[in-house]
Amino acid sequence: MITRKRWAAGVCALLAALTAGIAFPVAAVAGEPTGGSAPQVDLVLDVSGSMRTADIDGGTRMAAAKRAFNEVLDATPEEVQLGIRTLGANYPGDDRKTGCKDTAQLYPVSTLDRTEAKTAVATLSPTGWTPIGPALLKAADDFATGDGSRRIVLITDGEDTCAPLDPCEVAREISAKGVGLTIDTLGLVPNTKLSRQLSCIAEATGGTYTSVEHTDELTDKVNQLVDRAADPVVTPVATEGTDTCATAPTLKSGLYTDREEFARQRWYRVDVEPGQELRTSVSVAADRAVNPSYGVLLRAVTVHGREIVRGEAAGNGRTDVISTGLRYPKSDSDDEDAPAETVCLQVTHSFSAGSGVKTTPGLPLELTVDVVDGASKASDVASFGLGRGWWLLGALILAGFVAGLLWGWLSRWRVAVWRTN
């Protein structure tokens, strides 16, 4: 009987928790998907000498890449502009300086002519070095201007051979420019060191890393990434916060990216009219090795420094992205000429760089700002953000309480009947 009562109480608690989740208002999406310009994809293929190795489905890595490219070119959506860049395809010599410049645009990022692109791919033969860093720098300039998505898909079987131009640092620099460019990486060899380098490149730009060992896997993954480029996306707007609220940029509703250095803070300003509500969130990503135990703090304060509300979150090293958010409803005013209130947003994080890790550029920061119409009545702005959901929560809690009493009474009655019989 005690067990049944506990079970009933658990059901009631679950109902209450679910109700609370339903009652909390869902933040509006900041920004709209961009689709004015055609999505663009640049396939960057390693054509270095190691691509002669025959360890993929009984054939060479180059043969697997060519077959995958032909199938991908056939399946590329009409709306996607696609290009092909090579690295290590032209210089067969031993001069490192020359070999590290060996990257070329095999097919420009443009409306796809499948026959012409396939013919260009057919001419490739494994040749030289593996200048991943220089190839990524050149690939970032292959795209036409526009607000469509931009994606680089890097396919390689080896690490970069042109250090100190670290491809991971190159990816961070590309991301720091705020051009909305994503780099996805595919490794043709299950090598730990290669995996670490390609993962770092992808993480720096919000891309993905995949290890593939079969031709079909390579084809499927490249097709998936090309198709993903055609999906509508919200393109973040690059901004630059400052060290003080007084000099901070004023932001409208939208999605923004920035960089925040270690042990620093970033300030932004948002104007909130009477009767409006500010909803904002921030995510900070560790795109390099950091020490465990860290946090992020988002504060909304007045221009005079008084804190209005804050959001904070902590991590223990098991995740490399940490996020938090806050809401601030501005009371309505009977004065039609009442001025907007300037709210200062402060972002601070407690990440610390690991030993020997570069601290610049700062960690990538993504800020969502949404200024929406507030509740229709002052009484709707309830504690804990539940708004009108309070009555539903109360009704379900009461129903759960009554159900618990009935369950307990029925359980006792059944036991009494059982004992009597």
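This is a predicted model: local features need pLDDT of at least 70, side-chain atom pairs count only at pLDDT 80 or more; totals for chains, interfaces and linings use all residues.
Biologist: Let's start with the whole protein. How many helices and strands does the protein have?

Modeller: The protein has 9 helices and 15 strands. Buried residues account for 44% of its 421 residues. Among contacts between residues at least 6 apart in sequence, 76% join residues at least 24 apart.

Biologist: What makes H2 and H4 antiparallel or parallel to each other?

Modeller: Helix H2 (residues 61-75) and helix H4 (residues 114-122) pack at an angle of about 170°. Angles over 145 degrees count as roughly antiparallel, so H2 and H4 are roughly antiparallel to each other. Their axes are 10 Å apart.

Biologist: Which residues of H2 and H4 meet?

Modeller: From H2 come Lys66, Phe69, Asn70, Leu73, Asp74 and Ala75, and from H4 come Arg114, Ala117, Lys118, Val121 and Ala122. This contact divides into 6 nonpolar, 1 polar and 4 charged residues.

Biologist: And H6 with H7: what makes that pair parallel or antiparallel?

Modeller: The axes of helix H6 (residues 167-176) and helix H7 (residues 192-204) cross at roughly 5° and come within 8 Å. Angles under 35 degrees count as roughly parallel, and therefore H6 and H7 are roughly parallel to each other. In H6, Pro167, Cys168, Ala171, Arg172 and Ser175 meet Gln197, Cys200, Ile201 and Ala204 in H7. Here the residues divide into 6 nonpolar, 2 polar and 1 charged.

Biologist: Which residues touch the most other members of the largest nonpolar core?

Modeller: This core has 32 residues, and the ones touching the most other members are Leu43, Leu45, Ile155, Leu186, Leu218, Val222 and Val226. Elements giving two or more residues to this core include strand S1 (40-46), strand S2 (81-87) and helix H8 (215-229). H2 supplies the largest share, 7 residues. Another core, of 25 residues, lies apart from it, and Phe262, Leu298, Leu345 and Val369 are among its members.

Biologist: What is leucine 45 in contact with, leaving aside its neighbours within four places in sequence?

Modeller: Its contacts include Met51, Met62, Ala65, Phe69, Leu124 and Ile155.

Biologist: Why is the pairing of arginine 61 and aspartate 55 called a salt bridge?

Modeller: The side chains of arginine 61 and aspartate 55 meet at 2.7 Å, N to O. The cut-off for a salt bridge is 4 Å, so this pair qualifies. By this rule the count comes to 21 salt bridges.

Biologist: How do you know whether arginine 61 is buried or exposed?

Modeller: Arginine 61 has 9% relative accessibility. Buried means under 20%, so arginine 61 counts as buried.

Biologist: What parts does the salt bridge of arginine 67 and aspartate 216 tie together?

Modeller: Their side chains meet at 3.3 Å, N to O. Arginine 67 lies in helix H2 and aspartate 216 in helix H8, so the pair ties together parts that are 149 residues apart in sequence. Arginine 67, at 43% relative accessibility, counts as partly exposed, and aspartate 216 is partly exposed at 45%.

Biologist: Which residues do salt bridges that share partners join into one network?

Modeller: That network joins Glu169, Arg172, Arg259, Asp287 and Arg288.

Biologist: What makes alanine 263 worth a look, in terms of its phi?

Modeller: Most residues other than glycine have a negative phi. Alanine 263 is not a glycine, yet its phi is positive, about 60°. Alanine 263 lies in the loop between strand S8 (254-260) and strand S9 (265-272). Exposed means over 50%, so alanine 263, with a relative accessible area of 73%, is exposed. Aspartate 57, in the loop between S1 and H2, has a positive phi of about 55°.

Biologist: Is the peptide bond from threonine 360 to proline 361 cis or trans?

Modeller: That bond is cis, with omega near -5°, whereas most peptide bonds are trans. Proline 361 is found in the loop between strand S14 (341-349) and strand S15 (363-373).

Conventions. Residues are numbered from 1 along each chain as its sequence is written. Side-chain values use heavy atoms; hydrogens and water are left out. Axes are lines fitted to C-alpha atoms, for helices over the stretch in contact, and angles run from 0 to 180 degrees between N-to-C directions. Helices (H or I, at least four residues) and strands (E, at least two) are DSSP runs, numbered from the N terminus. Angles under 35 degrees count as roughly parallel, over 145 as roughly antiparallel, 65 to 115 as roughly perpendicular and the rest as oblique. Contact means heavy atoms within 4.5 Å. Ala, Val, Leu, Ile, Met, Phe, Trp, Tyr, Cys and Pro count as nonpolar, Asp, Glu, Lys and Arg as charged, and the others, Gly among them, as polar. A nonpolar core is a set of buried Ala, Val, Leu, Ile, Met, Phe, Trp, Tyr and Cys residues joined through side-chain atoms within 4.5 Å. Buried means under 20% relative accessible area, exposed over 50%, partly exposed in between (1.4 Å probe, protein chains only).
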